[in-house]
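Here is a short briefing for a student who is meeting this protein chain for the first time. Please look through the sequence and the model before reading the notes below.

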Amino acid sequence: IFCGLCVTHTRRARCRRVSEERPSGETMPRFGAVSPKQIVEQATKNDPSLTSINLSSNALFKMKTFEYCKMLAEALSANTHVTELVLNENEITDADCEWLKELLATNKSITTMSLEKNKISSEGCALIAAGLATNSTLVALSLLNNGPFGESCMDTWLKTFNDNITLYDLKWRLNSRSSFALNSAITRNRSVSRLRKEGKDWQHLLPDHLRDSKPVPPQEPAPEEPAAPPAEPQLEVAAEA
């Protein structure tokens with residue numbers, strides 16, 4: 001393997017700056033590359049110092065996308081410290097999204113997720129939407145430079161937004177007849193978030209099945225006023241002549 005940068009290396013010399021053989025058999029790229037397995041180990045231990053995971057354009061991740069998506073889903077299922085997950089440019093496919101669906105359905109800490117420049121089409125996008133149906137923490141998701149996304153995918157998103165009231169920053173290229181309804185749901189979620197932060201009532205913005213259904217106690221009838229005592233009869237006194 002040659003780095004293509006070191007002019008001191010001959011064509012027969014192996015450049016140690018490019019890679020090193022690890023005991024597990026993996027080839028670990030250098031120049032600051034992150035090992036997905038190390039990140040997974042930290043996340044599994046719920047390491048409080050790990051609050052952001054960025055494995056974008058990771059050579060090792062690209063080699064085993066299904067395996068690493070599965071490992072991340074399992075590691076983050078009970079994690080409470082990671083709030084950001086960035087997996088851009090990793091050649092993630094629709095099949096891998098089955099594990100991203102599991103991740104979103106179980107994790108309770110991630111607020112921002114980016115999956116830009118992958119190989120996610122309508123099928124994978126629908127799986128992500130299904131995972132978000134029960135998610136209550138993610139507020140920002142980027143799916144730019146994926147797709148195209150079909151109408152069946154949009155139907156799944158509409159069903160998701162019937163239950164999801166937290167996601168309000170969704171970035172993607174959308175050309176669908178459902179775009180107006182989706183934008184309305186996103187605007188609703190943005191308003192819910194703002195009102196909650198301001199400590200104001202937001203229940204009236206929710207779909208009927210999500211509103212607080214506590215019964216309103218019936219009003220007690222007002223006490224009757226006591227009847228006035230009967231007036232005493234007045235006696236007429238004849239004037240003396």
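**Charged partners and aromatic rings**

Because K70 and E74 are 4 residues apart in helix α3 (residues 65-76), they are separated by about one helical turn; helices here are DSSP runs of H or I with at least four residues, strands are runs of E with at least two, and both are numbered from the N terminus. This is a predicted model, in which local features need pLDDT of at least 70 and side-chain atom pairs count only at pLDDT 80 or more, while totals for chains, interfaces and linings use all residues. Residues are numbered from 1 along each chain as its sequence is written, and side-chain values use heavy atoms, with hydrogens and water left out.

**Salt bridges**

- Side chains of opposite charge can pair when their charged atoms come close.
- K70 forms a salt bridge with E74, with 2.8 Å between the closest N and O atoms, where the term asks for a side-chain nitrogen of Lys or Arg within 4 Å of a carboxyl oxygen of Asp or Glu.
- K70 counts as partly exposed because its relative accessibility is 31%, and E74 is partly exposed at 44% (buried means under 20% relative accessible area, exposed over 50%, partly exposed in between, with a 1.4 Å probe and protein chains only).
- D208 and R211 also meet through their side chains in a salt bridge, at 3.8 Å from N to O; D208 is exposed, with a relative accessible area of 65%, whereas R211 is partly exposed at 37%.
- Salt bridges that share partners join R194, E198 and K200 into one network, and within it E198 and K200 have their closest N and O atoms 3.4 Å apart.

**Aromatic rings**

- The structure holds 5 aromatic pairs, meaning rings of Phe, Tyr and Trp (its six-membered ring) with centres within 6.5 Å, called stacked if the planes are under 30 degrees apart, edge-to-face if over 60 and tilted for the rest.
- One of them is the stacked pair of F61 and Y68, 5.6 Å centre to centre with 25° between the planes, and both F61 and Y68 are buried.
- W157 and W172 form an edge-to-face pair, with 5.2 Å between centres and 70° between the planes.
- This pair links distant parts of the chain, since W157 belongs to helix α6 (residues 151-161) and W172 to the loop between β7 (169-171) and α7 (179-197), 15 residues apart.

**The whole chain**

- The secondary structure comes to 7 helices and 7 strands.
- Of the 241 residues in the chain, 37% are buried.
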